[in-house]
Amino acid sequence: MAQERFFLTTAISYPNGKPHLGHAYELIASDAIARFMRLDGKDVFFLTGTDEHGLKMVQTAEREGLPVRALADRNAQAFRDMGKALGASNDDFIRTTEERHYEASQAIWKKMEAAGDIYLSTHSGWYSVRDEAYFDESELTTGEGGQKFAPSGAPVEWSEVDSYFFRLSKYQDKLLDLYKAQPNFIGPDTRRNEVVSFVSSGLKDLSISRDTFTWGVPVPGNPKHVMYVWVDALTNYITACGYPDEGDPRWKYWPASVHIIGKDIVRFHAIIWPAMLMSAGLPIPQRVFGHGFLTNRGEKMSKSLGNVLDPVVMAEQYGVDQIRYFFLREVPFGQDGSYSHEAIVARINADLANDLGNLAQRSLSMVNKNCEAKVPAKGPLSPEDEAILASAYGLIAESRVAMGDFQIHAMLNAIWRVVADTNRYFAGQAPWALKKTDPARMETVLWTTAEVLRVVGILIQPVMPESGAKLLDLLAVPADTRAFAAADAAHQLVPGTSLPEPKGLFPRYIEPEAGQGA
RNA sequence: GGCAGUGUAGCUCAGCUGGUUAGAGCGCGGCACUCAUAAUGCUGAGGUCGGUGGUUCAAGUCCACUCACUGCUACCA
């Protein structure tokens with residue numbers, strides 16, 4: 001039987017600066033989904049990368065006195081390094097300046113052109129040099145002498161430039177059909193509603209080339225023009241699958257299972273991208289999911305506010321798994337979220353150190369001292385034992401449901417509900433008391449607790465790969481039984497197996513000095 | 001302006017097709033325990049479920065109106 005494939009992507013990042021927390025968040029979340037699917041037995045292809053063309057890159061390079069390509073190389077590397085620092089498990093890292101991407105972009109362009117969907121015309125509108133943007137008449141204000149101004153206050157002038165256009169308008173009905181046929185194509189629902197309403201209100205053709213700069217993919221047959229962001233950036237997803245070579249070993253991954261993107265670019269992925277694919281006669285992605293933005297104590301991150309945190313520094317300060325856990329547990333995926341030093345520390349100490357870390361420590365240290373450092377004997381199970389085991393074994397199904405909608409936080413909530421129940425169970429059974437009255441029963445309680453920990457260890461791996469592995473090490477779980485398929489009663493811990501000395505799983509976070517807020 | 005959504009304990013939020021004393025986590029008070037990373041367990045404090053008016057035997061849960069807030073309303077990636 002063929003292994004189910006799962007292809008997921010992040011958006012490609014624009015590397016005119018260093019990666020920030022927003023990039024990190026998207027990568028962490030996508031990585032957790034990728035790892036989840038791998039552990040669940042799927043053939044996963046996980047892609048991330050950088051979108052390196054366009055005027056902003058040129059301008060940034062000029063400002064820094066670098067050739068554009070050098071800037072792109074340097075910053076692309078910074079994004080790669082961030083991925084490493086965060087434990088990202090992407091299978092490829094695509095850069096739009098790569099040869100393979102030029103090939104793919106020009107190929108899809110030609111397909112769209114052959115379909116009669118590309119034509120040369122004039123792009124006209126009110127342009128603000130300062131904002132580098134066009135504005136609709138309705139957004140403008142008129143000053144003295146008839147001068148018109150953008151919302152930013154910058155003057156605008158009427159501009160007419162040659163540009164190639166994509167017949168997006170032609171796809172309006174087809175897109176609406178798509179949204180109807182695939183109700184979960186766009187998630188979460190609020191984003192879907194917005195897109196549907198946008199498309200319903202009418203689509204205009206799209207300007208897809210520029211002849212005002214050259215840092216881009218040349219338009220086939222007219223090298224005066226380079227492709228504008230839409231065609232260039234979105235195409236990366238099929239470039240990585242080997243397009244236009246449909247014999248490429250990676251082509252089997254297309255169409256993508258999901259594009260994980262920021263809520264601000266949902267429209268491009270849910271409207272322009274499928275329309276392009278329809279035009280080129282290619283399959284449409286299964287889903288597009290827009291995550292929310294992070295704020296620092298409810299305030300937008302900005303350089304001027306000085307509340308921009310470097311994700312790599314955060315990983316060093318709090319721990320990689322710790323911040324992965326924090327963002328994925330604290331923020332319901334799809335909604336905006338807020339973070340603060342206090343909130344991070346609270347999660348680390350309450351959930352990781354106290355609830356899970358201490359549960360492992362209190363039970364495994366008893367095993368170590370009272371069971372000859374071996375998996376305890378499993379005697380007859382009491383109803384309490386059965387109940388806690390059943391809820392642990394039930395987690396995998398719950399997690400699949402949650403992750404089916406990318407509700408990573410819901411999966412973590414479920415896991416921690418079991419962790420809390422297990423602490424209750426442990427306190428209720430009081431194995432330290434049984435030690436004197438009924439040692440056999442004590443062993444069964446300890447076995448049950450360890451078995452729950454095994455399941456938990458397996459399930460936290462997508463979010464906290466290192467810590468999950470550490471926990472499974474403490475339980476001497478073989479490497480080949482750490483996937484989700486083993487999170488059931490058939491693979492339970494074997495009494496008598498030697499265990500290593502228990503070590504702390506999650507240290508408490510202690511403030512280095514008082515008064516240090518982040 | 002139009003469209004969509006949100007408003008439930010100090011904070012963050014659950015509450016499916018309306019039905020016993022409205023829930024969880026965190027925070028806060030008290031108690032217990034000692035296996036454990038000063039961890040854990042138990043327990044308490046009570047929020048007019050934004051407001052008003054309806055429908056109903058019964059509404060946080062449906063309807064109308066109203067207030068506040070948020071998102072979208074295309075070429076910045």
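Modeller: Helices (H or I, at least four residues) and strands (E, at least two) are DSSP runs numbered from the N terminus, and two strands pair if DSSP finds at least two bridges between them. This is a predicted model, in which local features need pLDDT of at least 70 and side-chain atom pairs count only at pLDDT 80 or more, while totals for chains, interfaces and linings use all residues. Residues are numbered from 1 along each chain as its sequence is written, chains are lettered from A and ligands numbered from 1 in the order in which they are written, and side-chain values use heavy atoms, without hydrogens and water.

In these terms, chain A holds 18 helices and 18 strands, and its C-alpha atoms fill a box of roughly 95 × 60 × 40 Å along the principal axes. Of its 518 residues, 54% count as buried, where buried means under 20% relative accessible area, exposed over 50%, and partly exposed in between (1.4 Å probe, protein chains only).

Strand S12, residues 218-219, runs antiparallel to S13 and is joined to it by two bridges, with Val-219 standing opposite Asn-222. S12 and S13 make a hairpin with two residues between them, and Gly-221 in that turn has a positive phi of about 85 degrees. S13 also pairs with strand S11, residues 209-210, again antiparallel and again through two bridges, and the partner of Ser-209 in S13 is Met-227.

A separate group of four strands forms an open sheet in the order S5-S4-S8-S10, with antiparallel pairing. S5 and S10 are the edge strands, each with a single partner, so one side of each has no neighbour in the sheet. Between them, strand S4 (residues 118-128) and strand S8 (residues 157-166) pair over 10 bridges, one residue pair being Tyr-119 opposite Phe-165.

In total, 42 residues surround RNA strand B, and the closest are Asp-51, Lys-204, Tyr-228, Arg-267 and Asn-358. Of the RNA atoms that come within 4 Å of the protein, sugar and phosphate account for 65%. By class the surface has 18 nonpolar, 10 polar and 14 charged residues (nonpolar: Ala, Val, Leu, Ile, Met, Phe, Trp, Tyr, Cys and Pro; charged: Asp, Glu, Lys and Arg; polar: the others, Gly among them).

A backbone N or O atom of Ser-207 lies 3.4 Å from a base oxygen, while a polar backbone atom of Asp-205 is 3.5 Å from a base nitrogen. Leu-505 brings a polar backbone atom to 3.0 Å from a base oxygen.

Gln-172, in helix H5 (residues 172-181), is buried at 18% relative accessible area, and its side chain reaches the backbone nitrogen of Leu-203 at 3.2 Å.

Most residues other than glycine have a negative phi, and most peptide bonds are trans. Glu-372, in the loop between H12 and helix H13 (383-393), has a positive phi near 55 degrees and is exposed at 65%. Ala-430, in the loop between H15 and helix H16 (431-437), likewise has a positive phi, of about 45 degrees, but this residue is buried at 14%. A cis peptide bond joins Tyr-243 to Pro-244, with omega about 10 degrees, and Pro-244 lies in the loop between helix H8 (236-239) and strand S14 (258-262). Pro-255 is also in the loop between H8 and S14, and its peptide bond from Trp-254 is cis, with omega near 5 degrees.

Key
A residue is near a molecule or strand if one of its heavy atoms lies within 4 Å of it. A polar contact is a pair of N or O atoms within 3.5 Å; within protein, one must be able to donate a hydrogen and the other to accept it, and residues adjacent in sequence count only if both atoms are side-chain atoms.
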